[in-house]
Amino acid sequence: MNSLIKEVTAKFENYENCKAAETLEQFVVEDLSSWYIRRSRGRTDNDFFATSYSIFVNLIIIISPIVPH
């Protein structure tokens, strides 16, 4: 997550919004959905929910500059 934040922030600072969106899409589709969520199915412990909450909050913050577009 930290490397995603750094990479997307750098792309936004260089006005590469399309590349930032592609990086975010790749993270959500490949890393979050295909890897983390699928491997965590059936888990109902607090660690899973705390980690998921943290990921989603950070993702919302990162994606906010391009959400209206």
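Exposed means over 50% relative accessible area, buried means under 20%, and partly exposed is in between (1.4 Å probe, protein chains only). This is a predicted model: local features need pLDDT of at least 70, side-chain atom pairs count only at pLDDT 80 or more, and totals for chains, interfaces and linings use all residues. Residues are numbered from 1 along each chain as its sequence is written, and side-chain values use heavy atoms, with hydrogens and water left out.

## The whole protein

The protein has three helices and zero strands. From the N terminus, its elements run α-α-α. Helices (H or I, at least four residues) and strands (E, at least two) are DSSP runs, numbered from the N terminus. The C-alpha atoms fill a box of roughly 40 × 20 × 20 Å along the principal axes. Of the 69 residues, 25% count as buried. Consider the contacts with a separation of 6 or more: residues 24 or more positions apart account for 56% of them. Contact means heavy atoms within 4.5 Å.

How confident is the predictor? The mean pLDDT is 87, and 97% of the residues reach 70 or more. The pLDDT is the predictor's confidence in each residue, from 0 to 100. Confidence is lowest in α2, at a mean of 85, and highest in α1, at 94.

## Helix lengths

| Helix | Number of residues | First to last C-alpha | Expected at 1.5 Å a residue |
|---|---|---|---|
| α1 | 12 residues | 16 Å | 16 Å |

The expected span is 1.5 Å times one less than the number of residues.

## Buried faces

Which residues of α1 are buried? They are Leu4, Val8, Lys11 and Phe12. Seen down the axis of α1, they fall within an arc of 100 degrees, so they line one face of the helix. The arc is that of the directions from the helix axis to the C-beta atoms. Their cover includes α2 (17-39) and α3 (46-63).

In α3, the buried residues are Phe48, Ser52, Ile55, Leu59 and Ile62. Down the axis of α3, these fall within an arc of 95 degrees, so they also line one face. What covers them includes α1 and α2. The face turned away carries exposed Asn46, Tyr53, Ile60 and Ile61.

## How α2 and α3 pack

Two packed helices are described by the angle between their axes and the distance between the axes. For α2 and α3, the angle is about 170 degrees and the axes are 12 Å apart. Axes are lines fitted to C-alpha atoms, for helices over the stretch in contact, and angles run from 0 to 180 degrees between N-to-C directions. The two helices are therefore roughly antiparallel, a label for angles over 145 degrees. Leu24, Phe27, Val28, Leu32 and Tyr36 of α2 make the contact, with residues of α3 including Phe48, Ser52, Phe56 and Ile63.

Where is Tyr15? Tyr15 lies in the loop between α1 and α2. Its phi is near 60 degrees, a positive value in a residue other than glycine. Most residues other than glycine have a negative phi. Tyr15 is exposed, with a relative accessible area of 74%.

Terms used. Angles under 35 degrees count as roughly parallel, over 145 as roughly antiparallel, 65 to 115 as roughly perpendicular and the rest as oblique.
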